[in-house]
Amino acid sequence: MTDRVVVLDDFIPADALSDSLAAAGISADVVHQSEFPSGPGIIALLVGPETTGLEPRHLSDLPDLRLLSATSAGYDHLPVSAAHERGLWVTRAVDYCTEEVADHALALTLGLLRSTHTLDRSVHAGGWDVTAAPPRRIAGTVLGLYGFGRIAGAFALRARAVGMTVLVSGRGLGDRVGELAAEGIEVVGFEDLLRRSDVLSLHVPLTPETQGLIDARALSTLKRGGYLVNVSRGGLVDHDALGAALRGGHLAGAAVDVLPNEPPAQYDPILHIPNLVITPHAAWYSPQVAHTLAQQSARNVAAVLTGASPVGVVAAPGM
């Protein structure tokens, strides 16, 4: 029986994945599916973030499975605990779209501060008045980053280049205070981050601890007239509270690339929140990303089959 790698992600090209596996010396058939697979011979299951409903029972139907992999940085759509109990490797994609997401976060931030989205809508509606949404100066604006992994680090470099003051908060930063200070980045506590940021940008995964992190209390702690940017996961934000903060004028605007329900239903109230810019989970995308994901996925399959450690490990046998 030929080993199979099943891909539940239409974005990853089968030929690129097959070629990358062959280059790594792995003989396996690559199969794209839209339904959860079952049966013997499946050694790896690659699951896109748009795939919902994968449960422990599905893993039980895959006796030869060695690797369960998210083809995204987030892995909240995977049954990690069940996979770990099975002794599987669980991975997520890492550093495949760092530049793209950092670029997108910067673009959303600059668009909010310079009012490009609002002024564009005003002109299309027949207006021609800068005071409809006065742009703000970028230099000197305080950008607060909650979470400081690769993407937030790349965003910080871009923000510093256009003269923004950068504050960061998050786990594991206590021993990096001096290092980051030398780069012009100040490490602060979460409450301080909320109070001091003109723009708050979120860069943490969705976990039980971060679910609804930006709630009514957090939003009220932000500066009046401030902004929120989210390119991480929709569940980090209480969108009812965000709508209230925008309608009431406490926040001047927000821009999100992620929503709790994607895509939103036609009558989803989130589509009618004023001063909210929404992009369709596009921050990660560029034409180069598909092949990068295919190559990284192939390297992880090869690593697991040859006894090496893959990258982006979420859970490992014996871990």
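Biologist: Which residues form one aromatic cluster here?

Modeller: Phe11, Trp284 and Tyr285 form one aromatic cluster, where rings of Phe, Tyr and Trp (its six-membered ring) pair if their centres lie within 6.5 Å, and planes under 30 degrees apart count as stacked, over 60 as edge-to-face and the rest as tilted. Please keep in mind that this is a predicted model, in which local features need pLDDT of at least 70 and side-chain atom pairs count only at pLDDT 80 or more, while totals for chains, interfaces and linings use all residues. Residues are numbered from 1 along each chain as its sequence is written, and side-chain values use heavy atoms, with hydrogens and water left out.

Biologist: How many aromatic pairs does that rule give?

Modeller: The rule gives 4 aromatic pairs. One of them is Phe11 with Trp284, an edge-to-face pair with 4.7 Å centre to centre and 90 degrees between the planes. Phe11 lies in the loop between S1 and H1 and Trp284 in the loop between strand S12 (276–278) and H11, so the pair ties together parts that are 273 residues apart in sequence. The labels come from DSSP runs numbered from the N terminus, with helices (H or I) of at least four residues and strands (E) of at least two.

Biologist: New topic: in what order do the strands of the open sheet come?

Modeller: The order of the 6 strands is S2-S1-S3-S4-S5-S13, and the pairing is mixed; two strands pair if DSSP finds at least two bridges between them. Strand S2 (29–32) and strand S13 (313–315) are the edge strands, each pairing on one side only. From one strand to the next the twist averages 20 degrees, with axes taken as lines fitted to C-alpha atoms (for helices over the stretch in contact) and angles running from 0 to 180 degrees between N-to-C directions.

Biologist: And which way does S1 run against S2?

Modeller: S1 and S2 run parallel and are joined by 4 bridges, with Val5 having Val30 in S2 as its bridge partner. The chain goes from S1 through H1 to S2 in a right-handed β-α-β crossover, which means that, with the strands pointing away from the viewer, the path from the first strand over the helix to the second runs clockwise. S1 also pairs with S3 in the parallel sense, over 5 bridges, and there Val7 stands opposite Leu46.

Biologist: What does helix H1 lie across?

Modeller: Helix H1 (residues 14–23) lies across strand S1 (4–8), S2 and S3, and runs at about 160 degrees to S2. Helix H11 (residues 289–305) also packs on the sheet, touching S1, S3, S4 and strand S5 (89–91), and its direction makes about 150 degrees with that of S3. Contact here means heavy atoms within 4.5 Å.

Biologist: How many residues of H11 are buried?

Modeller: H11 is mostly covered, with 12 of its 17 residues buried, including Leu293, Gln296 and Val304. Those buried residues pack against S1, H1, S3, S4, S5 and helix H4 (98–113).

Biologist: How far apart are the end C-alpha atoms of H11?

Modeller: They are 24 Å apart, which agrees with the 24 Å that its 17 residues should span at 1.5 Å a residue, the expected span being 1.5 Å times one less than the number of residues.

Biologist: Last one: which residues does a cis peptide bond join?

Modeller: A cis peptide bond joins Glu262 and Pro263, with omega about -10 degrees, and Pro263 sits in the loop between strand S11 (251–256) and S12. Asn275, found in the loop between S11 and S12, has a positive phi near 60 degrees although it is a residue other than glycine.

Terms used: Buried means under 20% relative accessible area, exposed over 50%, partly exposed in between (1.4 Å probe, protein chains only).
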